[in-house]
Amino acid sequence: MSHVVGTIRCVGSSSDSLNSRINRSSSDSLNSRINHSSIGFDGDYVKFEDLLQKDHLKNAFLSALDVDWDWLLTKLPENILIVIAKHWDSGQETEGVYILPDTNILLVHPPLSNTQIGCFHAKLMLLFFDGWMRVVVASGNLIPYDWETNENVIFVQDFPIVQATGSNHHNLHPFAKDIKDFILAIGLKNHIVNKLSQYDFSRAKAKLIASIPGAYKGIENMRKYGHGRLCKVVQEVCGPNENIILECQTSTISNLNADFLHEFYRSASGIDPLEISKPRAKKSQGVEISLPQITMVYPSNRIISFSKYPQAAGAALFFGKSDYERHAFPKEIIRNCVSKRDGILIHSKFVLARYTQQGQPTNSQKRQKTNKLNSDDICGSNEDKAEFTRKSYVSKETVMAPIRGWYYCGGKIYTSRETKGPQLRINNWELGVFFPIRGSDNNQGDWFTENGVPVPYRRPPGRYDLNETPWFSFN
């Protein structure tokens, strides 16, 4: 099952406020193209087949860490070119572009980190139809577990073909440019990339945040990808604000420590990575560093043991016992992840952010509004009407409803590390989407769900019981 997040639908969430807040199509609505009640959109999930619309698909790009070829090939048409990028084994395979024998599949092995650590973990679909295209950013792999058993999250939005000039090749919308840069980095040139200029992305609802392996030095390069990119988006959309509480739901945890939590917290606050506000503690100092307001939401062993599909955990969850038992691992920030659908395992990734104090509105939060007064609505002489009408053409700067938080979902975003230099080191390929949260400041109930965020787990997440431990996939 996969939740859709309005333009994101979340696996396991149905939200009228979400559907009304996020327009799933930039011109013709997705609703007008498909019958929701007949294909599974009636509720809070979407089927893989519904997204692809196999009989109408003209061209496609898909990517994932893992692919079940026997399952996937039954879902795809056989008469069109399909491009698929996936992770590969550097010990047995090589980087490059290949034709998958006896299929219509062009297989891409993207460049991997030169550190021998990390993987290609981004889940993106670009689906082309007559007159429109669909962009999907997901947390699920191209395997049956992630589409039929586990909970995942997807962003989906449709974009119409450009009507006027037929192309906007030299003036790509930032959303399309982010997709183009990502596809080029994967190793594709003409395939798919040249098609983007044919579509109108002016009503794109999300900000894309990509992670691409590499070591990025200097503030501008550090702000391109990973949590450095998150920092830039927060600055532009929300403005810098360190009065923030973060809740990170994940299916993968690695070697967390206080230094990295502070680094990620600064980026999530919109504070540039170079502005180091917390000094790093040397091991010889023996000083415990206080932790920022972050919690990590991950299921306990008990939750997995009593789930409906415990065997699916091996394909969905990754956490090493040795990482958890390190002295520097911040055990106190771990919270339990319990699905709103009893017994279902969650493979999605969310970062939920809520401001405890409002910051200053950014330019993106302001809008120019022109008020026009009709002379027929004015009493008095013709001269008075003319004067009032002239004065009514006044441009006023108005402030929209304040941004009270934001959320990110899709791929794992906390995989990058700041190292000496300073520089941002990224090992994984990831992709996710960012949305600001406006609306009420009501503290009753689940604030994120009430404001349209399709959270698939029970909130607020509780601490583990006394004798509970996280579910470990390896030692």
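Is Asp178 buried, exposed or partly exposed? In this predicted model, Asp178 has a relative accessibility of 27% and therefore counts as partly exposed, since the buried class ends at under 20% and the exposed class begins at over 50%. The side chain of Asp178 meets that of Arg229 in a salt bridge, with 3.1 Å from N to O. This pair ties together distant parts of the chain, as Asp178 belongs to helix α7 and Arg229 to helix α9 (residues 226–237), 51 residues apart. Arg229, in turn, is buried, and its relative accessible area is 11%.

After α7 comes Gly187, which has a positive phi, near 125°.

In general, side chains of opposite charge can pair when their charged atoms come close. Across the whole structure, a search finds eleven salt bridges. One of them joins the side chains of Arg134 and Asp158, at 2.8 Å from N to O. Here too the link is between distant parts of the chain: Arg134 sits in strand β8 (residues 132–138) and Asp158 in strand β9 (residues 152–160), 24 residues apart. Both Arg134 and Asp158 are buried.

Another salt bridge brings together the side chains of Arg223 and Asp272, at 2.7 Å from N to O. Arg223 lies in the loop between α8 (219–222) and α9, whereas Asp272 lies in the loop between α10 (258–268) and β14 (294–297), so that this pair also links distant parts of the chain, 49 residues apart. Arg223 is buried, with a relative accessible area of 12%, and Asp272 counts as buried at 15% relative accessibility. Elsewhere, salt bridges link Glu247, Asp446 and Arg459 in a network.

Turning to the strands, β6 (residues 105–109) is mostly covered, with five of its five residues buried. Ile105, Leu107 and His109 point one way from the strand, while Leu106 and Val108 point the other way, and all are buried. Strand β6 has a parallel partner in β4 (residues 82–86), to which four bridges join it. Within this pairing, Ile84 has Leu107 of β6 as its bridge partner. Strand β5 (residues 96–99) runs antiparallel to β6, again joined by four bridges, and Val97 has Val108 of β6 as its bridge partner. A hairpin is formed by β5 and β6, with five residues between them; in the turn, Asp102 has a positive phi of about 60°.

Strand β23 (residues 430–437) is likewise mostly covered, as seven of its eight residues are buried. Five bridges connect β23 to strand β10 (residues 207–211) in an antiparallel arrangement, where Leu208 stands opposite Val433. Strand β20 (residues 405–410) also pairs with β23 in the antiparallel sense, over six bridges. In that pairing, the bridge partner of Trp406 is Pro436 of β23.

Finally, the UniProt record, an unreviewed entry, lists Lys123 and Lys349 under "binding site". Although they are spread over 227 residues of sequence, the two cluster in space, with a largest C-alpha distance of 12.1 Å. Lys123 is located in the loop between β6 and β7 (124–129). With a relative accessibility of 3%, Lys123 counts as buried. Leaving aside neighbours within four places in sequence, Lys123 is in contact with Ser63, Ala64 and Leu65, with Val136, Val137, Ala138, Ser139, Gly140 and Asn141, and with His347.

Conventions
Residues numbered from 1 in each chain as written. Predicted model: local features only at pLDDT ≥ 70, side-chain atom pairs only at ≥ 80, totals over all residues. Heavy atoms only, no water. Helix = DSSP H or I, 4+ residues; strand = E, 2+ residues; numbered from the N terminus. Buried < 20%, exposed > 50% of the residue type's maximum accessible area, 1.4 Å probe, protein only. Pairing = 2+ DSSP bridges. Salt bridge = Lys/Arg side-chain N within 4 Å of Asp/Glu carboxyl O. UniProt positions renumbered as here; feature names shortened; annotations may be inferred. Contact = heavy atoms within 4.5 Å.
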